[in-house]
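Here is a short note for someone opening this model for the first time. Please keep the structure in view while going through the points.

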Amino acid sequence: AVQEETVATAKAVADEEEVVDLDAASETDTAASAQPEAVAEEAAAAAAAEETTATEEPPVQSGPLVDLFGPTLLSLELTGPSTAQLKEHYTTDALQGKKVIGVYFSADWCGPCRQFTPELSSFYEKINSRRGKIDEFEIVWVSRCRDMQSFGQYFTTMPWIALPPQEAMGARGEKLSQMYGVKSIPALVLLDDLGSVITTDARNMIPKDKAGIGFPWRNPISTLYMTVVPRSLRLMLKRELGSIKEKAFGKVKGLLNLRAKGAKA
């Protein structure tokens with residue numbers, strides 16, 4: 001009887017141990033199977049995020065400043081004591097909230113440019129630190145450098161943003177130069193927030209008014225117009241005038257073509 005009781009007890013203990021082992025194994029198997037599933041989910045999420053980033057389309061931008069400068073502008077950010085990298089910004093983001101935009105034509109090979117750039121940099125910081133007008137002045141550098149290396153080195157001396165070098169040294173830079181009648185460098189043109197010209201002679205105004213008391217040197221009529229007419233209405237009027245100019249230019253060009261054909265006949 002004692003032997004039978006011992007055998008029964010041993011069998012019960014064995015059964016209990018077997019149950020415990022199965023439960024532990026079940027929990028281990030569940031955790032093990034859950035781990036690769038979690039990893040797979042994380043990997044899938046990362047892949048989806050990467051694919052979204054890769055296929056994400058740039059925002060649709062419009063407005064006179066985008067028409068002038070194109071969709072992107074560059075800044076230069078220091079990454080170390082002697083290293084820096086170019087950072088791309090959408091034009092609407094880079095110029096949002098700016099009341100005055102300077103278009104600066106300059107090059108590293110130009111002696112007067114190298115002399116004026118530090119003076120302009122100091123003036124830029126001074127204007128942007130004024131109480132109630134913090135960071136309302138921006139400058140877009142239109143490089144006249146001859147290569148990318150010169151562009152990068154010269155850009156390190158500037159605290160503002162720049163037209164991409166391929167644009168500045170190409171058709172867009174040439175178009176801006178012709179638009180503002182730039183015959184020599186350095187040249188600094190000041191625009192309002194709609195891209196209308198305030199002055200094309202800011203390069204000579206800064207040495208005369210280093211404190212920036214009269215900045216941005218608008219004429220009284222322009223100042224009154226800016227004060228009285230809301231920005232939305234000014235933008236609408238600018239677009240209407242631009243459309244009228246294009247139509248008038250098209251008609252004049254057509255008449256000249258007709259005259260030229262008549263002269264040949």
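1. Terms first. Buried means under 20% relative accessible area, exposed means over 50%, and partly exposed lies in between (1.4 Å probe, protein chains only). Glu 167, at 24% relative accessibility, is therefore partly exposed.

2. Basis. This is a predicted model, in which local features need pLDDT of at least 70 and side-chain atom pairs count only at pLDDT 80 or more, while totals for chains, interfaces and linings use all residues. Residues are numbered from 1 along each chain as its sequence is written, and side-chain values use heavy atoms, with hydrogens and water left out.

3. Confidence. pLDDT is the predictor's confidence in each residue, from 0 to 100. Its mean over the chain is 80, and 66% of the residues reach 70 or more. Residues 12-34 stay under 50. For that stretch the model has zero contacts beyond four places in sequence (contact: heavy atoms within 4.5 Å). Where pLDDT is low, the predicted coordinates should not be read in detail.

4. Salt bridges. The whole structure has three, each a side-chain nitrogen of Lys or Arg within 4 Å of a carboxyl oxygen of Asp or Glu. Helices (H or I, at least four residues) and strands (E, at least two) are DSSP runs, numbered from the N terminus. Glu 77 pairs with Lys 87 at 3.7 Å, N to O. This pair links strand S1 (residues 72-78) to strand S2 (residues 84-90), 10 residues apart. Arg 144 pairs with Glu 174, at 3.6 Å between the closest N and O atoms. Arg 144 sits in the loop between strand S4 (137-143) and helix H5 (148-155), and Glu 174 in helix H7 (residues 171-179), so this bridge ties together parts 30 residues apart in sequence. Arg 172 meets Glu 167 at 3.1 Å, N to O. Arg 172 is partly exposed, at 23%.

5. Cores. A nonpolar core is a set of buried Ala, Val, Leu, Ile, Met, Phe, Trp, Tyr and Cys residues joined through side-chain atoms within 4.5 Å. The largest has 26 residues; Tyr 104, Phe 137 and Trp 160 are among those with the most contacts inside it. Strand S3 (100-106), helix H4 (111-128) and strand S6 (187-192) are among the elements that each supply at least two residues. H4 gives the most, with six. A second, separate core of 20 residues includes Leu 68, Val 103, Leu 176 and Ala 187. Beyond its neighbours within four places in sequence, Phe 137 touches residues including Val 100, Phe 123, Leu 190 and Phe 215.

6. Cysteines. How many disulfides are there? The count is zero, a disulfide being a pair of cysteine sulfur atoms within 2.5 Å. The sulfur of Cys 145 has its closest cysteine sulfur in Cys 113, and at 8.8 Å that is too far for a bond. Cys 113 is buried, at 0% relative accessibility. Cys 145 is buried too, at 5%.

7. Backbone details. The peptide bond from Ile 185 to Pro 186 is cis, with omega near 5°; Pro 186 lies in the loop between H7 and S6. Phe 215 and Pro 216 are also joined by a cis peptide bond, with omega about 5°. Pro 216 lies in the loop between helix H8 (202-208) and helix H9 (220-228). In that loop is Trp 217, a non-glycine residue with positive phi, near 65°. Trp 217 is buried, at 14% relative accessibility. Asp 135, in the loop between H4 and S4, has a positive phi near 55°. Asp 135 is partly exposed, at 44%.
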